[in-house]
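Biologist: I would like to learn how to read a protein model, one feature at a time. Could you take me through this one?

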Amino acid sequence: MLAKERRDKIYDMIVKNGAIETAKAASALNVSIETLRKDLISMEREGLILRTHGGAVNTDAMRKSYALSQRSEEYIAEKENLVSKACELIADGDIIAIDEGSTAKILAESIKDKFKNLTVITYSLDVFNVLCGEEGFKLILCGGNYMKKEKCFYGAQTLDALNNLYFQKAFIFPAAVSLKSGICINNENFIPLFKQLMSAAEQVYILADSSKFEKKALFKISDTDKKFNFVTDCNLSEDLKNLYKRHKMKLFVGGKSK
């Protein structure tokens, strides 16, 4: 096999799976690990891929910004799958903070059915509306400027409210997650809110469906810190799962449907 043909196959594998492991790819292509590494070095120089410890990932594709109404109709099964996993990380009596977004509403609907006693802090009107009728739930809505297209609050007043609160667990929904580019969002108005959620919580849970991994968005809010917990759905490729585990990231993956 010519080098060009082999590198085309390597690139196709990375695009399909989001990442490859050097040893597995070398075995699949029937070449030595050293040959595979040389291919990856060459491809990285061309800007096609990014080498990582023990493998490589696709260069981060940019995640576009879509309105909440559109996002609410996308990747529904994946969001429900990862939310089911996230609920396993919550216990009755917890004090939690929930970010805004389409997955946030699904999480709210799920905890409404699964728990009887929670304190929930949020700036999402969707989350508030789902939970406000639950007798055993204590809700704290952090108001401020209202963003109609996202059905949530933002700005100095919202941030001031968050600054006075501490919670056990924060559930955050970024636009993209990447080992290289970090945790990213598309709306700069939420940057201070995300940062405050991350700093005030004892545990931070980054909830992202599998389509968001090894992507980037316009604004970086944090590195992919090992102290965070990453929660995703069962469609995340094995190569990406292994990649994040090799980088010592705490990854929780939804179970396969029966």
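Modeller: Gladly! Helices (H or I, at least four residues) and strands (E, at least two) are DSSP runs, numbered from the N terminus. Keep in mind that this is a predicted model, where local features need pLDDT of at least 70, side-chain atom pairs count only at pLDDT 80 or more, and totals for chains, interfaces and linings use all residues. Residues are numbered from 1 along each chain as its sequence is written, and side-chain values use heavy atoms, with hydrogens and water left out.

Biologist: What is the phi of tyrosine 75?

Modeller: Tyrosine 75 has a positive phi of about 50 degrees, although it is not a glycine. Glutamate 214 is also not a glycine, and its phi is positive too, at about 55 degrees. Glutamate 214 is found in the loop between β13 (201-207) and β14 (215-216).

Biologist: Is tyrosine 75 buried, exposed or partly exposed?

Modeller: The general idea is a scale: buried means under 20% relative accessible area, exposed over 50%, and partly exposed in between (1.4 Å probe, protein chains only). With a relative accessible area of 36%, tyrosine 75 is partly exposed. Glutamate 214, at 4% relative accessibility, counts as buried.

Biologist: How many helices and strands does the protein have?

Modeller: The protein has ten helices and 17 strands. Its radius of gyration is 20 Å, close to the 18 Å that the globule rule gives for 258 residues, so the protein is as compact as a globular protein of that length. That radius is taken over C-alpha atoms, and the rule is 2.2 Å times the number of residues to the power 0.38. The C-alpha trace spans about 65 × 40 × 30 Å along its principal axes.

Biologist: Now contacts, please. Which residues does isoleucine 95 touch?

Modeller: Contact means heavy atoms within 4.5 Å. Not counting residues up to four places away in sequence, isoleucine 95 touches Thr119, Ile121, Tyr166, Phe167, Gln168 and Lys169. Isoleucine 95 sits in strand β5 (residues 95-98) and is partly exposed, with a relative accessible area of 31%.

Biologist: Where is phenylalanine 228, and what does it touch?

Modeller: Phenylalanine 228 is in the loop between β15 (219-222) and β16 (229-232). Its relative accessible area is 3%, so it is buried. Leaving out residues up to four places away in sequence, its contacts include Ile183, Met198, Val204 and Lys250. The C-alpha atoms of phenylalanine 228 and methionine 249 are separated by 7.6 Å, and the two are 21 residues apart along the chain.

Biologist: What share of the contacts in the protein joins residues at least 24 apart?

Modeller: Among contacts between residues at least 6 apart in sequence, 64% join residues at least 24 apart.

Biologist: How many aromatic pairs does a search of the whole structure find?

Modeller: Rings of Phe, Tyr and Trp (its six-membered ring) pair if their centres lie within 6.5 Å; planes under 30 degrees apart count as stacked, over 60 as edge-to-face and the rest as tilted. The search finds five such pairs. In one of them, the rings of tyrosine 123 and phenylalanine 190 have their centres 6.5 Å apart and their planes at 15 degrees, so the pair is stacked. Tyrosine 123 lies in the loop between β6 (118-122) and α7 (125-131) and phenylalanine 190 in the loop between β12 (182-185) and α9 (191-200), so the pair ties together parts that are 67 residues apart in sequence. Both tyrosine 123 and phenylalanine 190 are buried.

Biologist: Are the rings of tyrosine 146 and phenylalanine 153 stacked, edge-to-face or tilted?

Modeller: Their centres are 5.2 Å apart and their planes at 55 degrees, so the pair of tyrosine 146 and phenylalanine 153 is tilted. Tyrosine 146 counts as partly exposed at 36% relative accessibility, while phenylalanine 153 counts as buried at 14%. Ring pairs also link Phe213, Phe230 and Tyr244 into a cluster.
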